[in-house]
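Welcome, and please get your viewer ready.

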Amino acid sequence: MKRMLLGNEALALGAYMAGVTVATGYPGTPSTEILEYFANYPGVYAEWSPNEKVALEVGVGAAMAGARTMVTMKHVGLNVAADPFFAVAYTGTEAGLVVISADDPGMHSSQGEQDNRNYAKFAKVPLLEPADSQECADMMRVGLEISERFDTPVLLRTTTRVSHAQSLVEVAAEQIKRPDARLPQPFNRNPVKYVMLPSNARQRRVALEERLGRLQDYVETTPLNHISWGDRRLGIVTSSIAYVYAREVFPHASFLKIGMAHPLPRRLIAEFARQVETLVIIEELDPFLEEQIRALPGLGSRRIIGKEVFPGIGEFTPELVARCAVDHGLISADAVSPYLLADAGETQRPVGGIPARPPLLCPGCGHRGTFYILRQLLFEDQESGDGSQTSGVKRQGATASTARSPYVRGNLERRRQYGLVITGDIGCYTLGALQPLNAMDTCACMGASIGQAIGLEKGGIKNKIVAVIGDSTFFHSGITGLVDVITSGAATTTIILDNFTTAMTGGNVNPGTGKTVDGKPARRVELETLCRGLGIEDVTVIGGFDTDALEREITRAVQSPEPSVLIVREPCVLEVKSSSSMTSWVEPDKCVSCWACLVTACPALIRKDGKVAVLPDRCTDCQVCNRICPHDAILRVGRDSLKRET
Amino acid sequence: MKPLNFILTGVGGQGILLSSDILCLVGMAAGYDVKKTDVHGMAQRGGSVISHVRLAEQVFSPMVPVGAADYLLSFEKLEACRWAHYLHRDGVAVVSDEAIPTLAMEAKRPYPDDDEIAATLAARAAHVRILPAGTLATELGNPRVANVILLGALSRFVEIPSEVWLNAIAERVPSKFRELNRRAFEVGREI
């Protein structure tokens, strides 16, 4: 029986059916669903760890204990987990350990599009690349077998279009069961292998190369890499999602499909290359295969085509691969299925003039009030026309739309007084950087807001500096930044936006939630206790909708020479739905169309007949717009009374 | 077996992914190989959502190329215009008349009026059906069945028997809503 499975669900199923009993990870698009699906299976341990480094360390421990283990993360998560990843490459484990990295070409939901295949080569571990859901399930099992046979961690790398595509997987419902779990093993004490003192590590360093030699023999014959012969004028070497696109574009060519890309099957590729006229390498992002293939001896003068034809930036699509191939004469336009080249046609250009629909903070989002107040207090070089009051940074990106609002203009005095610089972080609240809130000056990587705030101060910026970070990101890697606030003597104000969840990735538990991934109660780490325990004396907890109190606390905190933490606490509106019988309502006679409320970027507010109006179906009664309206034109009314009127 | 390419669009939170899941079940039951892809994460915070569904004897790519969609099913009319270039010239657009406004502060371009939307779609599809799915669903007693009404309207243009559609819908909705969803499908199909 075939089932339609998301790539991530197939990975979870493959892991379960291969006897994985421990899975850890940190949520991140496009990897998140793997662990969420896996946690639903009976008799397994799954955890959302505080960050990817901890997740992998827990995973290594579990695999050392003899449990088959899976660790999941997005591509940038492996940067965080790189330290244990390189370490476990030296030591190996007792039972199978597969590390899944879900890359995001095109950056649908990421700050970068790094190609994590490079990590496999860098850390000298085997690399698997599935192309569809069936391969996700199969390679999970094979990955565990390779891990155990060669005593090495295995990197399994997907991309957005593998993780977030659904395709058919052959699995009967009655087959979805796990082999009997192994009995607990006694701890295998083996310090020469597991204690990486230099004297031991030097031996493991040699063992690492010996293992790569044995893997080289394996990779030449594994069915994960296979040739399907067609027309031998074109021989295509490809992997992952690029493989399925290439199969559509070149229906008659010969293919070498790479499922295990490190170590590279050199002999197989050389043999394939010798039997084709032109060797074409089609891979998303970096020329990972190409650079190694071009360095192979014995290919002589064979024509090799790669990144000069197929771009290294961004996500591939089937039509992009087709267009590149036709434009460079690899295939004639007649030989390509006509629909793949349709984008040349007039009606296949996007319709012009469509209003953009960027992602937004939800109606009732607990972050909105904070960003609205920060927006009133931030340093804005362009609008003031005179940055000399608070020399240092030049802030760009203000648009006419916000500058036009008299309410915002009226705040110039306050801006000159406070001139905040806002370092931001990764999460839903990064949307506070978008227009019209436009209240963020930096966002780099998980936890960076706090360290950057310290650095800006130490580097000589005279403005008050506020770091804004979410609860999950703070647990992930903000805590160590806050430790440095204390020891560095910086005056940083850290705002922790605490919504008890990891919202951006779909509402995943974090150490402050008080629940495990499978919904059982767990002990909470309390942010205020943690911050005070580190040595921050000025810790305040405040709600997210009381904009007056937010302004009072933020302005107080930034003027203090002491470091402070402001915890703005509202549960995520997607997790705790509003049940209010009230809604905001604009009294048309009082609205003077200053658009001050629209600066909140609330999706429940629209312009109607030259005034603002509230969409009651969207309004959650958070009352931020009511509070900030300078003309008291937004009232709170019962939903029922509104219905009676209309 | 004629390959069929579908694009489903709308705004995050409208139930697009559930509808594309149902469409996949329809394809499977009709004997096709099926692939689907959509983007999760940031796009779902009230942003524009697009889901690709492909049915064929053997499907390689889960992505529908631009200009290759046989069907565009849109849960919101502005989003139908945004993704209309995925249709080929003989394509079919089935569109809910629901209008979800874009962010008011940044309204550099106003939300297009109905005539403009109809003209845009007519220029890019051979058949356009714009229907009041939300109103019809409310009349049936539950606004949430709007997506099944749209699937019903779509089914008229797809050569797969309606029993196959109804079975797929029954598979994906709780049993107590099956009858309601069956009626919603038929309301859509009758239009």
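Two residues are in contact here if their C-beta atoms, placed from the backbone, lie within 7 Å. Keep in mind as you look around that this is a predicted model.

**Stop 1: where the chains meet**

Show chains A and B together. How many residues of chain A are in contact with chain B? On the chain A side there are 53, and they touch 45 residues of chain B. Now select the elements of chain A that give two or more residues to this side: helices H8 (160-163), H11 (240-249) and H14 (318-327), along with strands S8 (165-170) and S21 (605-608). If you colour the side of chain A that touches chain B by residue type, you will find 30 nonpolar residues, 15 polar ones and eight charged ones.

**Stop 2: a pair of strands across the chains**

**Stop 3: chain A by itself**

Chain A holds 25 helices and 23 strands. Its radius of gyration is 28 Å, close to the 26 Å that the globule rule gives for 646 residues, so chain A is as compact as a globular protein of that length. Along the principal axes, the C-alpha atoms of chain A fill a box of roughly 80 × 65 × 55 Å.

Of the 646 residues in chain A, 54% are buried. Among contacts in chain A with a separation of 6 or more, 76% are between residues 24 or more positions apart.

**Stop 4: chain B by itself**

Which elements will you meet in chain B? There are seven helices and six strands. Trace them from the N terminus and the order reads β-α-β-β-β-α-β-α-β-α-α-α-α.

The radius of gyration of chain B is 16 Å, which agrees with the value near 16 Å that a compact globule of 191 residues would have. Its C-alpha atoms fill a box of roughly 45 × 40 × 35 Å, taken along the principal axes.

Buried residues account for 60% of the 191 in chain B. Of the contacts in chain B between residues at least 6 apart in sequence, 65% join residues at least 24 apart.

Key:
Residues are numbered from 1 along each chain as its sequence is written. Chains are lettered from A and ligands numbered from 1 in the order in which they are written. This is a predicted model: local features need pLDDT of at least 70, side-chain atom pairs count only at pLDDT 80 or more; totals for chains, interfaces and linings use all residues. Helices (H or I, at least four residues) and strands (E, at least two) are DSSP runs, numbered from the N terminus. Ala, Val, Leu, Ile, Met, Phe, Trp, Tyr, Cys and Pro count as nonpolar, Asp, Glu, Lys and Arg as charged, and the others, Gly among them, as polar. The radius of gyration is taken over C-alpha atoms; the globule rule is 2.2 Å times the number of residues to the power 0.38. A residue is buried if 20 or more other C-beta atoms lie within 10 Å of its own, exposed if 12 or fewer, and partly exposed in between; C-beta atoms are placed from the backbone.
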